Amino acid sequence: TTDFFGTQLPGQNLFALTKRHATGGLTRIAYDIDYQNLDPAGAFITINPSWRSTVTARIEQPLLQGAGVEFNRAPILIARATQEQSIKTFEDEVQKMIRDVELAYWDLYFKFQELYSREAGLEQALATWQKERNSEIYGKSTAADVAQAREQLELFRAQRLVSLNDLLNNERKLR
């Protein structure tokens, strides 16, 4: 209700409780105060304001479409199933990530072991090449033996660089 100037009068829709039932029904209890400006009842009264308060109780129950517990709980059950599915998807993604991190860790560990063995082989090849070169100086070894030892040293050096590169790539992958 509005007054002469179109403003809302106080007391409208003062208090209401509404409850939706699982069967589709609706229960509403409301308390309202309504202002009414009635015509004067007699010649001596120029204004006769009236405040009317009402308590309303309303029960609605759909009889055909939208009735029943299954019909009204279906959106809730669908939302719950969707939420459970998203939780399972999230858990699967976390498990995959943990598995991938573990695999990357073990790959990095094996690359460290490979680099260690390549460095040990490189040290042995260097010692062999130095021994062959010293033997050639004293005439106990030939130039072919020294060249073969040098070739083996360069092969181990190249393998160590490849292993180091693999190690750095696996370390980057793990990070």
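Let me begin with Glu60, which counts as partly exposed because its relative accessibility is 37%. Its side chain meets that of Arg58 in a salt bridge, with 3.3 Å from N to O. Arg58 is likewise partly exposed, at a relative accessible area of 39%.

The protein averages a pLDDT of 84, and 81% of the residues score at least 70. Over residues 1–5, however, pLDDT stays under 50, and the model has 10 contacts beyond four places in sequence for that stretch. Where pLDDT is low, the predicted coordinates should not be read in detail.

I turn now to helix 2. This helix runs over residues 143–174, and its 32 residues reach 46 Å from the first C-alpha to the last, close to the 46 Å expected at 1.5 Å a residue. Which residues of helix 2 are buried? They are Val146, Ala149, Leu153, Ser163, Leu167 and Asn170. What covers them includes helix 1, residues 69–137.

Two residues illustrate this packing. Trp129 counts as buried, because its relative accessibility is 13% and the cut-off for buried is under 20%. Beyond its neighbours within four places in sequence, Trp129 is in contact with Val146, Ala149, Arg150 and Leu153.

With a relative accessible area of 1%, Ser163 is buried. Setting aside neighbours within four places in sequence, Ser163 is in contact with Lys111, Glu114, Leu115 and Arg118. A polar atom of the Ser163 side chain lies 3.3 Å from the backbone nitrogen of Leu115. Ser163 and Arg118 are 45 residues apart along the chain, yet their C-alpha atoms are separated by 7.5 Å.

Some of these residues also take part in salt bridges. How many does a search of the whole structure find? It finds 11 salt bridges. Lys111, Glu114, Arg118 and Asp166 are linked in a network of them. Within it, Glu114 bridges to Lys111, the closest N and O atoms being 3.4 Å apart. Because Glu114 and Lys111 are 3 residues apart in helix 1, about one helical turn separates them. Glu114 is partly exposed, at 24% relative accessibility.

Finally, Arg99 forms a salt bridge with Asp100, at 3.1 Å between the closest N and O atoms. Arg99 is partly exposed at 45% relative accessibility, and Asp100 is partly exposed at 41%.

Methods:
Residues are numbered from 1 along each chain as its sequence is written. This is a predicted model: local features need pLDDT of at least 70, side-chain atom pairs count only at pLDDT 80 or more; totals for chains, interfaces and linings use all residues. Side-chain values use heavy atoms; hydrogens and water are left out. Helices (H or I, at least four residues) and strands (E, at least two) are DSSP runs, numbered from the N terminus. The expected span of a helix is 1.5 Å times one less than its number of residues. Buried means under 20% relative accessible area, exposed over 50%, partly exposed in between (1.4 Å probe, protein chains only). Contact means heavy atoms within 4.5 Å. pLDDT is the predictor's confidence in each residue, from 0 to 100. A polar contact is a pair of N or O atoms within 3.5 Å; within protein, one must be able to donate a hydrogen and the other to accept it, and residues adjacent in sequence count only if both atoms are side-chain atoms. A salt bridge is a side-chain nitrogen of Lys or Arg within 4 Å of a carboxyl oxygen of Asp or Glu.
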